[in-house]
Amino acid sequence: MQPVELPDKIYVGPVIDEGHSLGSVSDKVGGIVLKRKITLGWTLGLFISFGLLQGLAAGAIWLFVKGIGVWGVNIPDGWGFAIINFVWWIGIGHAGTLISAILLLLNQSWRNAINRFAEAMTLFAVMCAGMFPVLHTGRPWLAYWLFPYPNTMDLWPQVRSPLLWDVFAVSTYFTISAVFWYIGLVPDLATLRDTSKKPWQQKVYGMLAMGWRGSARHWQRYEKASLLLAGLATPLVLSVHTVVSFDFAVSIIPGWHTTIFPPYFVAGAIYSGFAMVLTLMIPVRQFYGLDDIITMRHLNNMAKVALATGMIVFYGYSMEAFFGYFSGDKFERFMMWNRMTGPYAIFYWCLILCNILIPQSLWSKKVRTSPFILWLVSIVINIGMWLERFVIVVTSLHRDFLPSSWGYYAPTFWDWSVFVGTLGLFLTCIFLFVRVLPLITIFELRMLLPGAQVKEVPAHQ
Amino acid sequence: MSSHMETEHAVGQPLYGLMAEFETPGQLVAAARRTREAGFRKFDAYSPLPLHELDDAMDLHDNRVSKFTFCGGLFGAVAGFSLCCWCATAFPLDIGGRPLISVPMYIPITFELTILIGGLTAAISMLLMNGLPHPYHPVFNVERFANASRNKFFLCIEAEDPKFDRQATLTFLESLGPEGVSEVQP
């Protein structure tokens with residue numbers, strides 16, 4: 001790929017620092033897995049994450065024993081934390097697919113350094129997301145009833161319900177993401193197999209690499225399959241959050257029954273996903289000394305994508321408020337007014353602060369290129385996006401049409417326990433991932449290097 | 001590294017092929033082109049990254065993955081839509097007299113199954129046509145081949161090729177300006 005000349009005020013650095021060669025990127029990224037000693041920091045991090053994960057175990061067990069009454073959900077607030085966290089986690093996953101598929105189709109070479117990590121994040125986030133609907137059924141051992149299969153009860157799922165669409169969308173999303181991720185890993189696993197000195201590592205990575213040998217005939221089909229997978233994953237990622245938004249939009253609850261939900265949910269998903277990539281990648285880049293591979297250019301670009309999607313989300317909020325008023329429907333108007341001034345107003349205004357006001361700082365190049373400040377902003381966005389889902393789910397449900405059926409929702413200890421537990425699950429997976437698999441796609445990094453450019457010379461000279 | 005030749009095995013013993021090692025992708029592409037022009041067909045180039053120029057130099061235009069994927073996607077679409085029709089009629093839910101076969105509501109599941117089966121077909125057909133998993137392969141017998149997944153480029157002419165002749169092919173490979181040529185034991 002040819003370096004693009006950019007004017008000074010835009011240019012923030014190369015996609016990969018000079019001085020790297022085909023061998024050095026392989027050794028650097030592979031070395032994190034093969035050579036690096038287990039450090040105290042990593043052990044401590046894993047330990048804490050695994051500790052948090054016990055919250056999920058305890059929460060799930062208590063839920064099995066007592067039923068979902070241990071959560072704060074009630075009538076009218078039947079959805080509560082389970083759906084808030086489900087949507088939040090699924091949204092986080094979307095950045096991974098965007099980076100790996102959409103940016104591949106758009107030929108954005110800077111994605112090569114971050115796609116593996118972002119895709120891993122997608123998988124782990126979807127795993128966390130999947131916990132919630134399954135636990136929310138109250139009888140998780142019967143969760144397979146969600147799928148259509150011939151059964152002696154002669155029951156079939158309602159295929160006209162968005163909740164069933166969700167089952168198909170999320171399970172397809174997880175499967176395709178996992179396949180795309182694994183296919184991308186194969187050449188790198190071969191690199192690990194070939195550079196490792198330890199027999200057990202050679203065996204494990206060798207089996208996982210399936211005997212990949214970098215044959216040109218293989219690469220040709222491989223590249224074709226990757227492009228096809230990217231082409232299929234692109235509409236898929238847009239469809240997943242669209243279907244998630246249908247869970248809301250197809251109902252007739254004030255504040256949910258709106259056509260802006262699908263695009264606004266997709267933009268929000270990508271927004272939160274990029275924020276999470278930044279939250280994780282800035283420390284990883286720091287601890288593993290990868291700032292020559294994940295350069296300022298990457299941080300800058302990711303911050304810009306976050307800013308752009310954040311502005312779309314801002315447009316979504318504005319339109320929600322405007323149409324609430326403009327519909328002339330008194331329930332819609334009340335819902336909007338209640339959201340801004342009712343018992344949950346504090347969350348709404350915090351959400352505006354976290355998602356709209358603070359991220360405006362990303363207009364400044366200084367903020368985008370200072371890792372620490374950017375990291376803080378990304379955490380604020382993560383919190384903001386969680387608050388957004390809280391506000392959407394709770395404020396619409398708790399006061400609907402009849403004042404006699406109004407209620408109030410507050411999460412219980414066990415809601416928090418399960419939520420924090422999924423954070424633990426996510427971080428545990430991330431900690432293990434960075435030590436057992438190459439966290440950067442090595443073969444795609446090689447493609448960025450000057451040494452990889454083909455300059456044919458007559459061979460017999 | 002000087003040109004080297006592993007000759008511990010007697011001439012006449014079966015051989016998988018002869019393998020030349022190159023330093024740069026440009027040399028490999030040029031060598032592959034010349035090998036093809038010289039009339040060899042059973043040969044392969046090995047590189048640590050995809051080189052699109054090789055597709056042209058080696059005349060690789062296998063489009064079957066795309067075709068299989070299209071068929072897989074089509075199958076998924078038909079399967080998804082039929083599944084919806086089946087579920088809705090096997091357990092009919094009459095809601096306000098709405099039609100049981102309500103096409104717009106079937107699109108999400110149809111779409112998801114199109115992607116699911118299409119994507120799985122793309123991955124599986126790629127692996128199958130590449131003959132993977134294939135943990136053992138003769139090229140791994142060459143010690144320096146470990147660098148094929150790191151920073152070196154290899155070209156192997158297989159003994160099965162009708163034009164293959166141990167001595168003549170060796171001379172030919174040497175003429176391509178490699179770092180070295182090795183015999184590949186089967």
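I take a residue as buried if 20 or more other C-beta atoms, placed from the backbone, lie within 10 Å of its own, as exposed if 12 or fewer do, and as partly exposed in between. I note that the model is predicted: local features need pLDDT of at least 70, side-chain atom pairs count only at pLDDT 80 or more, and totals for chains, interfaces and linings use all residues. Residues are numbered from 1 along each chain as its sequence is written, and chains are lettered from A and ligands numbered from 1 in the order in which they are written.

**Entry 1: chain B as a whole.** I looked up the elements, using DSSP runs numbered from the N terminus (helices are H or I, at least four residues; strands are E, at least two). Chain B has 5 helices and 4 strands, in the order β-α-β-α-α-α-β-α-β from the N terminus. Its radius of gyration, taken over C-alpha atoms, is 25 Å, well over the 16 Å of the globule rule (2.2 Å times the number of residues to the power 0.38) for 186 residues, so chain B is more spread out than a compact globule. The C-alpha trace of chain B spans about 85 × 30 × 30 Å along its principal axes. I found 44% of the 186 residues in chain B to be buried.

**Entry 2: strand 1 of chain B.** Which residues of this strand point one way, and which the other? Gly17(B), Met19(B) and Glu21(B) point one way, Leu18(B), Ala20(B) and Phe22(B) the other, and all are buried. Because 6 of the 6 residues of strand 1 (residues 17–22) are buried, the strand is largely enclosed by the rest of the structure.

I then looked up its partners, where two strands pair if DSSP finds at least two bridges between them. Strand 1 pairs with strand 3 (residues 153–158) of chain B in the antiparallel sense over 6 bridges, and Glu21(B) stands opposite Phe154(B) there. Strand 4 (residues 180–184) of chain B also runs antiparallel to strand 1, joined by 5 bridges; in strand 4, Ser182(B) is the bridge partner of Met19(B).

**Entry 3: Arg33(B).** I located Arg33(B) in helix 1 (residues 25–37) of chain B. Is this residue buried, exposed or partly exposed? Arg33(B) counts as partly exposed because it has 18 C-beta neighbours inside 10 Å. The C-alpha atoms of Arg33(B) and Gly17(B) are separated by 18 Å, and the two residues are 16 apart along the chain.
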